[in-house]
Amino acid sequence: MSKTTDTQIEKSRSLIAGLRKHVSIKGEADFSEKEIAAMESTLLQLQEASAEVTRLRDELTPKVKRMNEMLDAVKTAYNVQKKKLKGFYPQEQWLDYGIPDKR
């Protein structure tokens, strides 16, 4: 879970506990158990969603790392071949090889 989500969950739990205490002492004049239960239900949904996002991030991290490694390899190969072509052929022929830039 993100720090922001963790903080909000803790604050909401504390508020729910305080509201429940208020309702048990003073009755439901200001706050109803139905409102508190709805808030608690939403909080549980947030916890589940946050856990799922954390799981997905954990799965995604190595895949992103692998993709970045592949991107670096492609960039390196591209730059090596581009440099060779620029050295062997005049600037006018670079476009024929897919190199649009100029010196």
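How many salt bridges are there by this rule, a side-chain nitrogen of Lys or Arg within 4 Å of a carboxyl oxygen of Asp or Glu? The count comes to four. The structure is a predicted model, in which local features need pLDDT of at least 70 and side-chain atom pairs count only at pLDDT 80 or more, while totals for chains, interfaces and linings use all residues. Residues are numbered from 1 along each chain as its sequence is written, and side-chain values use heavy atoms, with hydrogens and water left out.

Helices are taken as DSSP runs (H or I, at least four residues) and are numbered from the N terminus. Helix 1, residues 3-26, comprises 24 residues and reaches 34 Å from its first C-alpha to its last, close to the 34 Å expected at 1.5 Å a residue, where the expected span is 1.5 Å times one less than the number of residues. Glycine 27, with a positive phi near 85 degrees, follows helix 1.

Within helix 1, the residues Thr5, Ile9, Ser12, Ile16, Leu19, His22 and Val23 are buried, where buried means under 20% relative accessible area, exposed over 50% and partly exposed in between (1.4 Å probe, protein chains only). The cover over these buried residues of helix 1 includes helix 2. The largest nonpolar core has six residues in all, namely Ile9, Ile16, Leu19, Val23, Ile36 and Leu43, a nonpolar core being a set of buried Ala, Val, Leu, Ile, Met, Phe, Trp, Tyr and Cys residues joined through side-chain atoms within 4.5 Å. Helix 1 and helix 2 are the elements that give two or more residues to this core, and the largest share, four residues, comes from helix 1.

Glutamine 47, which lies in helix 2 (residues 33-88), counts as buried because its relative accessibility is 18%. With neighbours within four places in sequence left aside, glutamine 47 is in contact with Ile9 and Arg13.

Arginine 13 also takes part in a salt bridge with glutamate 10, at 2.8 Å from N to O. These two residues are three apart in helix 1 and are therefore separated by about one helical turn; arginine 13 is partly exposed, with a relative accessible area of 38%, and glutamate 10 counts as partly exposed at 46%. In helix 2, glutamate 59 and arginine 55 lie four residues apart, about one turn of the helix, and form a salt bridge whose closest N and O atoms are 2.8 Å apart. An α-helix has 3.6 residues a turn, so residues three or four places apart point the same way.

A further salt bridge joins arginine 20 to glutamate 33, with the closest N and O atoms 2.9 Å apart. Because arginine 20 lies in helix 1 and glutamate 33 in helix 2, the pair ties together parts that are 13 residues apart in sequence. Arginine 20 counts as partly exposed at 28% relative accessibility, as does glutamate 33 at 30%. Glutamate 59, at 39% relative accessibility, likewise counts as partly exposed, and arginine 55 is partly exposed with a relative accessible area of 41%. Salt bridges that share partners join Arg20, Glu33 and Glu40 into one network.

Note on methods:
Contact means heavy atoms within 4.5 Å.
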